[in-house]
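Please read the following note beside the sequence and the 3D view. It is arranged as numbered points.

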Amino acid sequence: HGYQFLLTHAIRSSNHPFVTGVTFLGALAPLMNGAAVQVFPGDASPVNFIATLVNYPQTRKSQNTKLVKILADALDAHVAALAEEAVSRSLSEQGDAGQQQADTASAKRPRLRVASSTITCFTPEVFFERFSGDFQQLHNADDLGVPDGPLCHSHLFELRAPVSISIAAVPLRDTATERLQGSCVPAIELNASFHFGRIANVDEAYATFAAFGLIADDSRKGAAAALAVNQHAGALNRLLQFGECSKTTKTRASFGEGTTPAVSSTIMSNMHPEVAVPMERAEIGNHVGCTKERIVFYTAEPVPPHSPLPPEYILAEGHAPWVWAELDPDMASLCGLKSLLADPDAAEKAVEEGKMARASSENETFGQDDADVARGVRFLPDAAGYDMKLPDGVQTRWRYRIEPGQPAMVMAEYRIGDRNVPLPPDHALRPAAERVLRFFPPHTTLQFDESAKKLFATMRTQSSVQDKGHYDVAARHGVGPWKQGLLCAVLAAWDIFVDSHTLSPPADLQSPEVVLGRAYVARAKSLHKVLEALRDAWVEDTVNLPEEQIHPFADVAGSVRGDLVPPGMPPFPATQLGLPFPATQPDEAADLPHEDDAVEGDLHTLPAFLCPDASSSDEVLQVKTPEAACSLSDGYGADGKT
């Protein structure tokens, strides 16, 4: 169920399911309401996720920004409901006078102005204030006639049923009520936060990363730049590590002072490899701290919107996986078919000469043509048509169409994937986000059971003892356990998100805990291995690059399907490399390094770490070594099925 859920949104957004999956994982962190995972001895580590999708232009990176926005809107609606309930309850707790005020308040009081938990464009100062645990989410609390003083918000969850959250707000000194409820969380104020999740949803990360010193900062010039340290980089690293932000001033602009609740957050962004790869190599930006190493970089082969749907996707009944589009002269010219556009006899002659082949009709109709056939439409040579390869390598087919009563009107059409698939009700994102929001009371601690602790201890030790032979591998390995712990937490949230889990919800809302088993650690280890292998391909490639350029030599580029890589494209393991090749040119991809250059190791399948019930799949998600990074052609859209 989880993998089908994932495929639905990957198909609709024309993205590889790996990309969509990691996007969802990152976006779930703020829905966990300040949750923390017990990675190291001592205090638990708040779930603060920073992830960057890296790929070329026009590869539909921004579609992932839209997916995050849907979850962010669900969080904002949740916070608004909490604020409304808290204000109403606080008025009603004042007795008859308060109840009378509450009864008339809805008509007379100003509308609640609740700050969004999401920001998309910001300065570092605004960012840190918004991500502080004491950020005032209710902007006009002073105008509502609510009494001053702290309130104790007891969250009365019905954890497994789709019901609204109820918040009982009672005075902190009302100890009798506290004992009666028995699950009162620490006191908070209306002039503070109702929910402890924050989202930075950034499309094109350049300004944000420059503000934190992660990429080139034009404000720093000359020799002093080598010694300069961005003032915000350390604060960002502190937020990611401890979930805390603070600033003390003489004015009321101070925030995060004293004991402030931690937040769980995410910074989701995307960027192009022309900037990401030099940043990863520490060729640009200042990386004295460990901020860059905490970033989860992810990528996959771009999925053309016209490519076939994944064959394992279960379509809604009556919905075909493709549509037929008109093959006009311009498109026919690109595909080398212009001379055949209105000449069925010439097409059959090409088949006889071995220049073209008829497509197989086995299991290919889905009843899509039944209505046309019933009204007399004819297809040549038949409904299946001829095999065809689009200029970008996507395999498809084409045919002739003759409308009834118009034998002289021969129209050519070709088949493309129909990614406008229906959204199953149980794949809707808003209800899925609400499941996670309902599950986690404030500041839940995720603990490992005994078997999970043993495997995690091995992972932690491995990060300390493995080879540190490169400039920043020590830092990257050092944050490995922290990152793997976060992956355990968001994988647990993913299972709740898709409603496929056996986790026990917190029973004690004063000190809420959720226990994770060994399977979550194993899945996190598998996913972390894939994510780190992607970074290795950028840092450790064997191509000697000129310092002023980040793209392969011509002889390397010439090995990619016999075409030159467009200037400026670096060696990057997820790209539509190569210029369009003629339809008559044989596909040379089979001659490129493939299986021998794959890291076979212990990599699990994609469904294995997102869906534990799919571990029996034979399809291995392979990561290319640097030597083959330039010629990687795996993924939906490369050959239509891999």
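The points below go from the chain as a whole to its aromatic pairs, a helix contact and individual residues.

1. Basis. This is a predicted model, in which local features need pLDDT of at least 70, side-chain atom pairs count only at pLDDT 80 or more, and totals for chains, interfaces and linings use all residues. Residues are numbered from 1 along each chain as its sequence is written, and side-chain values use heavy atoms, with hydrogens and water left out.

2. Overall build. The protein chain has 20 helices and 18 strands; these are DSSP runs numbered from the N terminus, helices being H or I of at least four residues and strands E of at least two. Of its 642 residues, 53% count as buried (under 20% relative accessible area, with exposed over 50% and partly exposed in between; 1.4 Å probe, protein chains only). Among contacts with a separation of 6 or more, 78% join residues 24 or more positions apart (contact means heavy atoms within 4.5 Å).

3. Aromatic pairs. The whole structure holds 15 aromatic pairs; rings of Phe, Tyr and Trp (its six-membered ring) pair if their centres lie within 6.5 Å, and planes under 30 degrees apart count as stacked, over 60 as edge-to-face and the rest as tilted. Phe 127 and Phe 212 are edge-to-face, because their ring centres are 5.5 Å apart and their planes stand at 70 degrees. Phe 127 belongs to helix α5 (residues 124–130) and Phe 212 to the loop between α7 (206–211) and α8 (233–242), so the pair ties together parts 85 residues apart in sequence. Both residues, Phe 127 and Phe 212, are buried. They also form one aromatic cluster with Phe 122, Phe 128 and Phe 131.

4. Charges over rings. The charged end of Arg 399 sits over the ring of Phe 379, 3.8 Å from its centre. Arg 415 lies over the face of Trp 322, likewise at 3.8 Å from the ring centre. The criterion is NZ of Lys or CZ of Arg within 6 Å of the ring centre and within 35 degrees of the ring normal.

5. Around Arg 399. Tyr 386 lies in strand β12 (residues 386–389) and counts as buried at 1% relative accessibility. Tyr 386 and Arg 399 are 13 residues apart in sequence, and their C-alpha atoms are 6.1 Å apart in space. The peptide bond from Leu 380 to Pro 381 is cis, with omega near 0 degrees; Pro 381 is placed in the loop between β11 (378–380) and β12.

6. Cysteines. How many disulfides does a search of the whole structure find? The search finds zero, a disulfide being a pair of cysteine sulfur atoms within 2.5 Å. Cys 335 is buried at 2% relative accessibility, and Cys 488 is buried at 0%.

7. Helix contact. Phe 456, Met 459, Arg 460 and Ser 463 in α14 meet Gly 480, Pro 481, Gln 484 and Gly 485 in α16.

8. Positive phi values. Arg 60, a residue other than glycine, has a positive phi near 65 degrees and lies in the loop between β3 (48–54) and α3 (62–92). Glu 204, also not a glycine, has a positive phi of about 70 degrees. Glu 204 is in the loop between β7 (197–201) and α7 and counts as partly exposed at 32% relative accessibility.
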